[in-house]
Amino acid sequence: VQLQASGGGLVQAGGSLTLSCAASGRSYAMGWFRQVPGKEREFVAGISWSIGTTSYTDSVKGRFTISRDNVKNTVYLQMNRLKPEDTAVYYCAAREGYGPLHFISAYDYWGQGTLVTVSS
């Protein structure tokens, strides 16, 4: 599975951005992760392709929404009310196996990152 992420950019605090991740094939689930320099990559949100089960890290609940388009094989991350602490490189990933969506080690394929910068 090849993944192509897009949609990053510069936005002011309180603004919105939508990230997209186009997949070349179908897997069990997709996830969005983010990483800032000097820190470990962290889970942001995940979604299963078939049922659409979702999971979010606590810091983005109520602000971010993950969704999928089964026809286009594309997953989206709608990010609202962005905060400076959301600034990071965002990565999309796909996993073949079943299990909790937030387990980073379970993801098999990774896209290139897309930079999101939130100015205060």
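1. A word on the basis. This is a predicted model, in which local features need pLDDT of at least 70 and side-chain atom pairs count only at pLDDT 80 or more, while totals for chains, interfaces and linings use all residues. Residues are numbered from 1 along each chain as its sequence is written, and side-chain values use heavy atoms, with hydrogens and water left out.

2. The largest nonpolar core. A nonpolar core is a set of buried Ala, Val, Leu, Ile, Met, Phe, Trp, Tyr and Cys residues joined through side-chain atoms within 4.5 Å. Buried means under 20% relative accessible area, with a 1.4 Å probe and protein chains only. The largest such core has 27 residues, and Met30, Trp32, Leu77, Met79 and Tyr90 touch the most other members. Several strands (DSSP E runs of at least two residues, numbered from the N terminus) each supply at least two residues of this core, including strand 3 (17-23), strand 4 (29-35) and strand 9 (88-95).

3. Met79 up close. Leaving aside residues up to four places away in sequence, Met79 has contacts (heavy atoms within 4.5 Å) with Gly15, Ser16, Leu17, Leu19, Arg63, Phe64, Tyr90 and Val116.

4. The disulfide. The structure holds one disulfide, a pair of cysteine sulfur atoms within 2.5 Å. Cys21 and Cys92 form it, with their sulfur atoms 2.1 Å apart. The pair joins distant parts of the chain, strand 3 and strand 9, 71 residues apart.

Notes. Buried means under 20% relative accessible area, exposed over 50%, partly exposed in between (1.4 Å probe, protein chains only). Helices (H or I, at least four residues) and strands (E, at least two) are DSSP runs, numbered from the N terminus.
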